[in-house]
Amino acid sequence: MRDQTIPFGTASRKQALLRGQFVHRLFEILPDLPAADRWAATGRIADNMGLERADFDSPAAFTAAQIKVLFEQVEAVMDLAELAPLFAKGALAEADITGLVSGLTVQGQIDRMAILEDKIIIADFKTGLPPDSAPDSTPDSASDASPEIPAAYLRQMALYGALAEQIYPDKVI
């Protein structure tokens, strides 16, 4: 089975890439900040990335309202009890991982990783939905229906898990 490629235009591709970079930066930085400081930090990150500035030939990538929605979505994920270890003190962000799995060289970057006494939890957040299929609002709960996970993402996580098992053989991944 081949992974499905979903085509979308250059402008929407650029916005999707910027959205992914921004959301990943929020997942990297916000967990280490007090909740009261996170919105201000989000504004600084958006400003540093130039997300609200228009270029001479193109509009701003995101409005303040869109940045707020992305912030709220990141906060909602960070507030999920089942993911708490990933955002706790000592959890790793953007952890590089490299090794061999079944003779294949694998190199990647795990978005968040928690190393607990008996297990390792890894997460890789995907933000690359084409804009036409992206939801307009944040789901009310984690139990809302979610789209099928593409095979490429499942393979990526399986490879990360296999590498983590080599590094931490006595822990459940």
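# A hairpin, a sheet and a pair of helices

Ser-102 is found in the loop between strand 1 and strand 2, where helices (H or I, at least four residues) and strands (E, at least two) are DSSP runs numbered from the N terminus. This is a predicted model, in which local features need pLDDT of at least 70 and side-chain atom pairs count only at pLDDT 80 or more, while totals for chains, interfaces and linings use all residues. Residues are numbered from 1 along each chain as its sequence is written, and side-chain values use heavy atoms, with hydrogens and water left out.

Ser-102 has a positive phi of about 50 degrees although it is not a glycine, and the hairpin of strand 1 and strand 2, to which Ser-102 belongs, has two residues between the strands.

Strand 1 (residues 92–101) and strand 2 (residues 104–115) run antiparallel and are joined by nine bridges, and Leu-100 stands opposite Thr-105 in strand 2. Strand 2 and strand 3 also run antiparallel, with four bridges between them, and here Ile-115 has Ile-120 in strand 3 as its bridge partner. Together, three strands form an open sheet in the order 1-2-3 with antiparallel pairing, where two strands pair if DSSP finds at least two bridges between them. Strand 1 and strand 3 (120–123) stand at the edges and have a single partner strand each, so one side of each is left without a neighbour in the sheet. From one strand to the next, the twist averages 50 degrees. Helix 5 (residues 151–167) lies across strand 1, strand 2 and strand 3, and runs at about 85 degrees to strand 1.

Which helices come within 11 Å of each other, axis to axis? They are helix 2 (residues 38–49) and helix 3 (residues 64–78), whose axes cross at roughly 130 degrees; axes are lines fitted to C-alpha atoms, for helices over the stretch in contact, and angles run from 0 to 180 degrees between N-to-C directions. Helix 2 and helix 3 are therefore oblique to each other, since angles under 35 degrees count as roughly parallel, over 145 as roughly antiparallel, 65 to 115 as roughly perpendicular and the rest as oblique. On the side of helix 2 the contact is made by Arg-38, Trp-39, Thr-42 and Ala-46, and on the side of helix 3 by Ile-67, Lys-68, Phe-71, Glu-75 and Met-78, where contact means heavy atoms within 4.5 Å.

Ala-46, which lies in helix 2, counts as buried at 0% relative accessibility. Apart from its neighbours within four places in sequence, Ala-46 is in contact with Phe-22, Leu-51 and Ile-67. Ala-46 and Leu-26 are 20 residues apart in sequence, and their C-alpha atoms are 9.6 Å apart in space.

Finally, the whole chain can be considered. The protein chain has five helices and three strands, which follow the pattern α-α-α-α-β-β-β-α along the sequence. Of its 173 residues, 31% count as buried.

Methods: Buried means under 20% relative accessible area, exposed over 50%, partly exposed in between (1.4 Å probe, protein chains only).
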